[in-house]
Amino acid sequence: MSLPGLKGTEHIGFTVPDLEEADAFFTDVIGCVRIYELGPFAHERGDWMSEQLNVHPRSIMRKLYFYRCGIGPNFEVFQWEAADGQLPQPRNSDVGGHHLAFYVDDLDAAVAYLKSRNVRVLGEPVASSNASAGQRWVYFLSPWGMQFELVSFPQGKAYEAGAPVTLWNPTRPAD
């Protein structure tokens with residue numbers, strides 16, 4: 001049994017401290033295309049914000065931008081004014097920690113590009129092993145400290161050899 005009608009991930013939403021800084025990063029550095037914007041949204045009375053969005057009822061969503069970034073899910077990027085304050089950016093090891101991974105054809109060229117744009121790349125590319133053998137990856141940080149990853153596996157990953165179902169792959173989006 002699965003969620004009726006499930007087709008895939010349509011978008012990933014996340015909050016940033018400065019939407020214009022994020023916009024410059026996503027459009028000028030990563031190469032995403034901003035499609036549209038919405039906002040602000042606020043409710044001066046009632047509990048709509050807490051009931052619908054699980055935020056303090058007086059929080060204000062100042063603005064959001066929707067982006068298309070190559071093949072894959074869209075990004076919905078928010079800037080909030082949280083009535084009860086905001087927590088710092090979580091690390092991967094924190095509850096709610098996360099990262100977004102971009103597939104690239106040439107990992108070394110992508111790393112060199114990020115460094116040329118003064119983006120902080122964490123360490124050096126790593127060659128995966130076991131089921132992920134064939135993949136190389138490296139993390140990098142946005143200007144506000146959000147974690148991203150570059151991955152590349154042009155010859156596939158080891159697990160695919162006998163797998164009846166494979167992970168979605170942006171180089172073969174229809175599979």
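The following dialogue explains how to read several features of this predicted model.

Biologist: What conventions apply to the numbering and to the predicted model?

Modeller: Residues are numbered from 1 along each chain as its sequence is written. Because this is a predicted model, local features need pLDDT of at least 70 and side-chain atom pairs count only at pLDDT 80 or more, while totals for chains, interfaces and linings use all residues; side-chain values use heavy atoms, with hydrogens and water left out.

Biologist: How many helices and strands does the chain have?

Modeller: Helices (H or I, at least four residues) and strands (E, at least two) are DSSP runs, numbered from the N terminus. The chain has three helices and eight strands, in the order β-α-β-α-β-β-β-α-β-β-β from the N terminus on. Along the principal axes, the C-alpha atoms fill a box of roughly 55 × 45 × 30 Å.

Biologist: What share of the residues count as buried?

Modeller: Buried means under 20% relative accessible area, exposed over 50%, and partly exposed in between (1.4 Å probe, protein chains only). Of the 175 residues of the chain, 31% count as buried. Accessible areas come from the Shrake-Rupley method with a 1.4 Å probe, and for residues only the protein chains shown count as cover. The accessible surface of the chain comes to about 11,000 Å², with 53% belonging to carbon and sulfur atoms.

Biologist: How many aromatic pairs does a search of the whole structure find?

Modeller: Rings of Phe, Tyr and Trp (its six-membered ring) pair if their centres lie within 6.5 Å; planes under 30 degrees apart count as stacked, over 60 as edge-to-face and the rest as tilted. The search finds 17 aromatic pairs. F14 and F26 form a tilted one, at 5.8 Å centre to centre and with 50° between the planes. This pair links distant parts of the chain, since F14 is in strand β1 (residues 11-15) and F26 in helix α1 (residues 19-30), twelve residues apart.

Biologist: Why is the pair of F14 and F75 edge-to-face?

Modeller: The ring centres of F14 and F75 are 5.5 Å apart and the planes stand at 70°, so the pair is edge-to-face. F14 lies in strand β1 and F75 in strand β4 (residues 74-81), so this pair ties together parts 61 residues apart in sequence. F14 counts as buried because its relative accessibility is 7%, and F75 is buried with a relative accessible area of 5%. Ring pairs also link F14 and F75 into a cluster whose members include F25, F26, Y65, Y67, F102, F140, W144 and F148.

Biologist: Which residues lie over the faces of Y65 and F153?

Modeller: A charge sits over a ring if NZ of Lys or CZ of Arg is within 6 Å of the ring centre and within 35 degrees of the ring normal. R34 lies over the face of Y65, at 4.1 Å from the ring centre. K157 lies over the face of F153, at 4.7 Å from the ring centre.

Biologist: Which residues form a nonpolar patch on the surface?

Modeller: Like charges are joined within 9 Å, and nonpolar side chains (Val, Leu, Ile, Met, Phe, Trp, Tyr) within 5 Å. Here V33, I35, Y36, L38 and F41 form the patch, with about 460 Å² of accessible area together. Y36 lies in strand β2 (residues 33-38) and is partly exposed, at 39% relative accessible area.

Biologist: Where are the cis peptide bond and the positive phi values?

Modeller: The peptide bond from G39 to P40 is cis, with omega near 5°, and P40 is found in the loop between β2 and α2 (48-53). N118, a residue other than glycine, has a positive phi near 60°; N118 lies in the loop between α3 (107-116) and β6 (120-127) and is exposed at 72% relative accessible area. N130 is not a glycine either, yet its phi is about 55°. N130 lies in the loop between β6 and β7 (136-141).

Biologist: Which residues is Q147 in contact with, leaving aside its neighbours within four places in sequence?

Modeller: Contact means heavy atoms within 4.5 Å. Q147 is in contact with P90, R91, N92, H98, H99, L100, Y139, F140 and L141, leaving those neighbours aside. The C-alpha atoms of Q147 and H99 are separated by 4.9 Å, although the residues are 48 apart along the chain. Q147 is found in strand β8 (residues 147-152) and is buried, with a relative accessible area of 11%.

Key:
Patch = residues over 30% accessible without salt bridge, like charges linked within 9 Å, V, L, I, M, F, W, Y side chains within 5 Å. Salt bridge = Lys/Arg side-chain N within 4 Å of Asp/Glu carboxyl O.
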